[in-house]
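Biologist: I would like to learn how to read a fold from coordinates. Can you walk me through one?

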Amino acid sequence: MKALIDMTKCSGHARCFDIDSDLFQIDDSGYALREEFDVPSDREAAARDGAAACPERAITLR
Ligand code: SF4
């Protein structure tokens, strides 16, 4: 699985980070740091939870 974050939609809520701080890394202002990353197979549930928690629907999983 791959995670893609639309930086034009990310509004710095850091809710993804609250779900999984290793997967969804953020900067000091709470905005997503990584635009694209691979999700380890044992973290796919956390990736789905993080995507669902994003109020801007900025996170896409493939
Ligand atoms: S929850 Fe969504 S808007 Fe907030 S930091 Fe994560 S990707 Fe950005």
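Biologist: How do I read the sheet, and in what order do its strands run?
Modeller: In general, strands of a sheet pair through backbone hydrogen bonds, either parallel or antiparallel. Here three strands form an open sheet, ordered β2-β1-β3, with antiparallel pairing. Strands (E, at least two residues) and helices (H or I, at least four) are DSSP runs, numbered from the N terminus. Two strands pair if DSSP finds at least two bridges between them. This is a predicted model: local features need pLDDT of at least 70, side-chain atom pairs count only at pLDDT 80 or more, and totals for chains, interfaces and linings use all residues. Residues are numbered from 1 along each chain as its sequence is written.

Biologist: Which strands stand at the edges?
Modeller: β2 (36–38) and β3 (59–61) do. Each has a single partner strand, so one side of each is left without a neighbour in the sheet.

Biologist: What are the bridges of β1?
Modeller: β1 (residues 2–5) pairs with β3 over three bridges, antiparallel. β1 also pairs with β2 over three bridges, again antiparallel. Take Leu4: its bridge partner in β3 is Thr60, and in β2 Leu4 stands opposite Glu36.

Biologist: Which face of β1 is covered?
Modeller: Ala3 and Ile5 make up the covered face, Lys2 and Leu4 the uncovered one. Helix α2 (residues 44–53) lies across β1 and β3, at about 145° to β3. Axes are lines fitted to C-alpha atoms, for helices over the stretch in contact; angles run from 0 to 180 degrees between N-to-C directions. Contact means C-beta atoms, placed from the backbone, within 7 Å.

Biologist: What is in the largest nonpolar core?
Modeller: A nonpolar core joins buried Ala, Val, Leu, Ile, Met, Phe, Trp, Tyr and Cys residues through C-beta atoms within 7 Å. The largest one here has 10 residues, including Ala3, Ile5, Phe24, Cys54 and Ile59. Leaving aside neighbours within four places in sequence, Cys54 touches Arg15, Cys16 and Ile59 by the contact criterion.

Notes
Buried ≥ 20, exposed ≤ 12 C-beta atoms within 10 Å, placed from the backbone. Contact = placed C-beta atoms within 7 Å.
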